[in-house]
Amino acid sequence: MKKQLAKIAVLSAVFCSVSAVTAFAGVWKMDHVGRWYQNDDGTYPKNGWAWIDSDGDGASECFYFDENGYVLTDTTTPDGCQVNGIGAWVQDGIVQTRNGGGSQSYGPGGSGDSGSYSYGDDQDSYSYGYDDDFYSWLFGYEYDPEWYLHDETLSEGDKAYYHYEANYYNWDGKSMETYDKVNEQYNRIAANPSAETAAQEMVWVEIPVWRLVNGQKVPDTDRVQVMSSIADEVKAIFTEIYNGPEQFPINSIGGYSWRSNGLNSYHSSGLAIDINPDQNPQVRSDGTVLVGSKWEPGVNPYSISQDSDVLKAFGKYGWTWGAAFTTKDYMHFEY
């Protein structure tokens with residue numbers, strides 16, 4: 001795919017004495033051990049470094065994964081590099097990123113410099129600056145940041161997902177303080193995985209919603225059960241959806257539900273929310289609908305469109321949208 005080609009590293013570098021690979025489109029996953037990054041084809045990086053552009057903004061951070069595929073955080077990697085609380089490579093406290101195939105640095109509260117890729121040995125240091133014009137020369141076409149909208153090989157669901165990643169998903173949206181609390185609660189559930197254990201970690205959150213009544217949108221409230229450590233965040237997300245110009249209507253919402261597959265479902269840990277499942281169905285790649293009826297963004301007001309206030313709010317806080325999955329789950333958002 002064009003996006004994948006545009007992310008291939010065209011120059012190699014000496015990086016902490018090892019080579020770093022480029023991970024393509026995928027999603028972050030978490031269990032009671034830690035986090036890992038699963039590519040769309042089901043593979044995952046392990047035993048080394050990988051550049052990952054998690055939010056589709058063209059800038060990738062570098063993460064070190066152990067032999068089991070779990071990202072290392074807040075530590076020194078086996079080759080002597082430092083990684084921060086989310087696992088990103090840092091130098092002197094500065095997150096190192098690669099922009100447009102190159103690298104750039106930025107600090108807390110600062111913006112990135114123009115991209116350049118540098119490497120060196122004990123004697124010399126070399127730097128190459130390049131941007132979209134470089135890709136035009138290399139690949140023979142002008143790089144289009146919205147390439148996915150014109151790719152006929154992609155389904156409408158894939159296009160919507162790439163649009164979400166490119167425009168609304170915020171990798172920096174997660175609070176590390178909240179993330180640490182989530183891990184503590186998740187580990188308690190994982191130590192004795194059962195509905196009884198999980199229920200002790202849950203709270204009900206009252207949220208403002210819009211209802212569609214006789215063709216008119218009217219204000220109302222609803223509630224959703226989630227892990228207590230993300231309750232404030234969930235409240236903030238739905239408040240933003242409610243205050244958005246779309247006035248997105250909600251007729252059904254679900255959160256915590258202990259599932260038969262246990263912690264293989266994020267609903268079992270109260271870290272997932274489903275919105276309007278009938279109009280935002282779960283659909284296999286062959287078109288088979290597993291849950292719900294039909295996804296009709298732009299036609300059915302209950303369906304989540306690619307520029308919906310729903311996606312803007314969840315993306316701001318770094319939640320994954322189920323459109324990322326091979327079996328599309330348009331109703332689904334997970335922490």
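Okay, strand 2, residues 26-30: 5 of its 5 residues are buried, so the strand is largely enclosed by the rest of the structure. Buried here means under 20% relative accessible area, with exposed over 50% and partly exposed in between, using a 1.4 Å probe and protein chains only. Strands are DSSP runs of E with at least two residues, helices are runs of H or I with at least four, and both are numbered from the N terminus.

Quick housekeeping: this is a predicted model, where local features need pLDDT of at least 70, side-chain atom pairs count only at pLDDT 80 or more, and totals for chains, interfaces and linings use all residues. Residues are numbered from 1 along each chain as its sequence is written, and side-chain values use heavy atoms, leaving out hydrogens and water.

Back to strand 2. Its antiparallel partner is strand 3, residues 35-39, joined by 5 bridges; two strands pair if DSSP finds at least two bridges between them. Across that pairing, Val 27 stands opposite Gln 38.

Strand 2 also turns up in the largest pocket, where strand 2 and strand 21 are the elements that give two or more residues to the lining. The pocket volume is about 570 Å³, meaning the space filled by probe spheres set on grid points, which are joined across faces, edges and corners. For the pocket itself: on a 1 Å grid over the protein atoms alone, it's an open set with protein on both sides within 12 Å along at least five of seven lines, and lining residues have an atom within 4 Å of a point. There are 23 lining residues, and the closest to the centre are Asn 261, Asn 264, Ser 265, Tyr 266 and Glu 334.

Strand 15 meets strand 16 over 2 bridges, with Gly 254 partnered by Asp 274.

Helix 7 is mostly covered, 6 of its 8 residues being buried, among them Leu 311 and Phe 314. Its cover includes helix 3, helix 6 and strands 16, 19 and 21, where contact means heavy atoms within 4.5 Å.

Terms used
1 Å grid on protein atoms, 1.4 Å probe; cavity = no way out; pocket = protein on both sides within 12 Å on 5 of 7 lines; lining within 4 Å.
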